[in-house]
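Hi everyone, thanks for making time this morning.

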Amino acid sequence: MPKLNGRIALVTGAGRGIGRAIAVALSRAGAKIVVAARSEDELNDLVDEVVAGGDAAEAVTVDLSDRSQARELIGRAVEPFGPIDILVNNAGVGSSGDPRSFVEFRDEFWDLTIEVNLNAPYVLSKAALPHMLEQGWGRIITVASINSRQAALHGSAYTASKHGVLGLMRSIATEVASEGVTVNCICPGPVQTKMNDIRIKYDAERLGRDLAEHEKGLTLVGGRLVPEDIAPMAVYLASDDARMVTGQAYNIDGGINMA
Ligand code: NAP
């Protein structure tokens with residue numbers, strides 16, 4: 001029997017990149033998935049693929065930079081299949097969106113980054129938890145970052161949001177550990193996605209390096225990760241196998257951080 005049979009998962013930022021890979025992996029492990037982001041086409045493409053394979057998936061469009069939409073998301077996400085057992089906070093704004101030195105940082109980009117990367121996981125976790133606590137089983141998995149551990153140059157909002165979300169998740173984990181709900185983070189290194197493609201171009205240009213050479217040296221293992229390198233950890237954390245794992249943050253980063 002697939003590990004997640006009968007579970008219902010909500011994955012934010014699931015239209016592409018890491019979120020898409022996690023959503024597909026949760027689905028293959030037996031979960032019914034609800035996928036959320038702004039880009040309807042990307043979500044529909046994913047849903048079509050999953051449904052064509054005989055599994056259950058529904059899309060919900062949402063802009064998580066809008067607090068009122070974030071507040072309503074869990075209520076909308078329960079409509080297709082029922083209450084959410086597994087929440088994956090993955091949607092994110094990268095430092096690549098507007099990289100600047102701290103003194104030149106734009107307040108608007110600061111606010112956007114904190115809203116999507118930190119406030120949305122706060123709002124969604126709060127809304128998803130009552131059902132998880134009531135049934136005595138739940139999983140909150142947040143895609144944090146290598147920048148939850150070290151600074152991203154010219155990315156103070158990203159660094160602050162990713163350090164912050166790690167603290168938030170540890171705090172929630174502390175409160176719900178004895179109630180059957182686990183709360184964990186995954187800290188990816190550089191992964192081949194739209195967000196990171198822009199970031200590594202910025203860094204290669206800034207350093208006057210050839211892009212391919214720059215990319216090769218990004219991890220100890222060599223090169224960048226792919227989204228499918230991240231997804232199996234999400235499946236593990238969502239499963240009963242990980243029932244004693246909570247308050248953790250797992251580096252999947254090709255050896256960059258050895259803590
Ligand atoms: P990506 O391919 O650009 O995907 C980002 C996802 O977030 C998209 O589905 C996007 O969908 C969604 N999103 C962004 N703003 C949103 C908003 N306002 N409302 C709703 N959804 C929104 O990037 P990714 O690399 O897969 O990033 C996924 C997560 O991994 C992020 O939290 C990121 O910080 C983290 N991460 C990435 C890396 C990396 O190297 N790629 C490393 C460490 C951590 P729409 O644009 O359609 O809304």
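Let me begin with a question: how much area do domain 1 and domain 2 bury between them, and what percentage of it is on carbon and sulfur atoms? The answer is about 1100 Å², with 63% of it on carbon and sulfur atoms. Buried area here is the accessible area, taken with a 1.4 Å probe, that two parts lose on being put together, summed over both.

Before I go further, a word on the ground rules. This is a predicted model, in which local features need pLDDT of at least 70 and side-chain atom pairs count only at pLDDT 80 or more, while totals for chains, interfaces and linings use all residues. Residues are numbered from 1 along each chain as its sequence is written, and side-chain values use heavy atoms, with hydrogens and water left out.

Back to the domains. The assignment gives domain 1 as 8-189 + 227-252 and domain 2 as 190-224; such bounds come from an automatic or database domain assignment. From domain 1, 17 residues take part in the contact, and from domain 2, 10 residues, where contact means heavy atoms within 4.5 Å. Ser-96, Leu-153 and Gly-189 supply 41% of the area that domain 1 buries against domain 2, more than any other three residues.

What about charged pairs across that interface: how many salt bridges does the rule find there? It finds 0 between domain 1 and domain 2. The rule asks for a side-chain nitrogen of Lys or Arg within 4 Å of a carboxyl oxygen of Asp or Glu.

For the record, helices (H or I, at least four residues) and strands (E, at least two) are DSSP runs, numbered from the N terminus.

Is Arg-139 buried or exposed? Arg-139 counts as buried because its relative accessibility is 1%, whereas Asp-240 is partly exposed at 44%. The cut-offs are under 20% relative accessible area for buried and over 50% for exposed, with partly exposed in between, using a 1.4 Å probe and protein chains only.

Next, helix H7. Glu-213 and Lys-216 meet there in a salt bridge, 3.2 Å from N to O. The two residues are 3 apart in H7 (residues 211-216), so about one helical turn separates them. Glu-213 is partly exposed at 48%, and Lys-216 counts as exposed at 53%. Another salt bridge joins Glu-215 to Arg-224, with the closest N and O atoms 2.9 Å apart; Arg-224 counts as buried at 14%. There is also a network, in which salt bridges that share partners join Asp-98, Arg-100, Arg-106 and Glu-108.

Now please look at strand S1. Strand S1 (residues 8-12) has 5 of its 5 residues buried. In a regular strand the side chains alternate between the two faces of the sheet. Here both faces are covered: Ile-8, Leu-10 and Thr-12 are buried on one side, and Ala-9 and Val-11 on the other.

Which strands does S1 run parallel to? One is S2 (residues 32-37), joined to S1 by 5 bridges, and another is S4 (residues 86-89), joined by 3 bridges. Two strands pair if DSSP finds at least two bridges between them. Ile-8 has Lys-32 as its bridge partner in S2, and Ala-9 has Ile-86 in S4.

Arg-20 is found in helix H1 and counts as buried at 18% relative accessibility. Leaving aside neighbours within four places in sequence, Arg-20 is in contact with Gly-13, Ala-14, Gly-15, Asp-45, Leu-46 and Glu-49. Ala-31, in the loop between H1 and S2, is buried too, at 3%. Ala-31 and Ala-56 are 25 residues apart in sequence, with their C-alpha atoms 7.9 Å apart in space.
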